[in-house]
Amino acid sequence: MSTVNSLLSSIAETEIALANLLDVESKKLKTIIKDDSNEISDLLDANKSAERMMRKVITKEMLLSFQLEDVVELEGIDAMRPPYPISIMIPVGIDRMVVGQEFRFEAAINPFNAVNRLITWETSDPAVAVVSPNGVVTAIRQGTVNITARTANGLTAVRPLTIAEIYPSNISLNFSAVNLGMGRTLQLQATLLPSTATATAIGWTSDENAIATVDSNGLVTALNQGVVTITATTENQLTAVCVITITPVMPTGIEAVPSQLTLEAGSTHTLFANITPDDATYKNVNWQSSNSAIVSVNPDGGMITAHQVGEAFINARTQNNLQAQCHVIVVEP
């Protein structure tokens, strides 16, 4: 009997040592999780470390189970092998995860030589986190959830989890200062760091909606001349700004239509001016005749009147002094 007692004492001491290892690993995980300065890579490394430790513990537990079976056979006492688990626990794990993170939980059944060691895993809210049949939890969105390990005979162990977003630490825009023509649009784009951030919603505002507006996607529309500041704001109140100077879109080209015309004396015709670009702010044209005695022109509307036989040039001039001409020949009716 003393031999059996020694073996059982050895098994118990090993169990205590394993429990201490699990406790140390659990405290290490909690320290890393609570440190806000840690990156997602630090959490993943801690996750892998915990998995390695758990696998070592489970391997050792299997060996202890075999040793216990040997003791049972030595004494010939089948009563020492319970047919069902009498308790279940989740000895090592974390209580906080971030969206997108995965972590594998392990469950320990007591006694270690229980006949049916089947474990099923459950989540209280699959919209917040899901769990695979082998205990891998995937964080889906911000919230709280309970992960449950259940034995075949209905015993449970529960691990409460808080799922948090990864908030950006920096925001920048593709433009910090830019000129924009009246009536034109500009697409602003925000870049968030770290790239693993999950809280990616951005609010857009303009400090002068009469000068320029911005929609929910960062598209700026220039309305009137002036200076406006567009601000992008993250969920955790980080901001980036773009200062936009709104100016008129000046004509870059003008063409008189037609460029040459023959009229009978006494007749009229209306000339047109094609101005580029199409979105030029000021399209007003001033019309002048090189010889009003032969052909006169309405200075604002471009209507010409042929008075007598001869030739004249009708000039079209933009506000920024671009010019085009129409050569008019007047003949006898």
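**Charge pairs and cysteines in a predicted chain**

R150 is partly exposed, at a relative accessible area of 29%. The model here is a predicted one. E122 is also partly exposed, and its relative accessibility is 29%. Now bring the two side chains together. R150 and E122 form a salt bridge, with an N to O distance of 2.7 Å. This pair ties distant parts of the chain: R150 lies in strand 8 (residues 143–151) and E122 in strand 5 (residues 119–123), 28 residues apart.

How many salt bridges does the model hold? The count is three. Side chains of opposite charge can pair when their charged atoms come close. The R150 and E122 pair is one of them.

Move on to D279 and R184. Their side chains meet in a salt bridge as well, at 2.7 Å from N to O. Here too the pair links distant parts of the chain, and the partners are 95 residues apart. D279 sits in the loop between strand 22 (272–276) and strand 23 (285–289). R184 sits in the loop between strand 11 (177–181) and strand 12 (185–187). Are these partners buried or exposed, or in between? D279 is partly exposed, at 33% relative accessibility. R184 is partly exposed, with a relative accessible area of 33%.

Next come R104 and E106. Their side chains form a salt bridge at 3.4 Å, N to O. R104 is partly exposed, with a relative accessible area of 22%. E106 is buried, at 15%. The cut-off explains the two labels: buried means under 20% relative accessible area.

Turn to the cysteines. C242 is buried, with a relative accessible area of 0%. C326 is buried too, at 0% relative accessibility. What about disulfides? A disulfide is a covalent bond between the sulfur atoms of two cysteines. The count in this model is zero.

How far can the coordinates be read? The mean pLDDT of the chain is 86. Of its residues, 81% reach 70 or more. One stretch calls for care. Over residues 77–81 the pLDDT is below 50. Beyond near neighbours in sequence, residues 77–81 have six contacts in the model. Where pLDDT is low, the predicted coordinates should not be read in detail.

Key
Residues numbered from 1 in each chain as written. Predicted model: local features only at pLDDT ≥ 70, side-chain atom pairs only at ≥ 80, totals over all residues. Heavy atoms only, no water. pLDDT = per-residue confidence, 0-100. Contact = heavy atoms within 4.5 Å. Disulfide = S-S within 2.5 Å. Buried < 20%, exposed > 50% of the residue type's maximum accessible area, 1.4 Å probe, protein only. Salt bridge = Lys/Arg side-chain N within 4 Å of Asp/Glu carboxyl O. Helix = DSSP H or I, 4+ residues; strand = E, 2+ residues; numbered from the N terminus.
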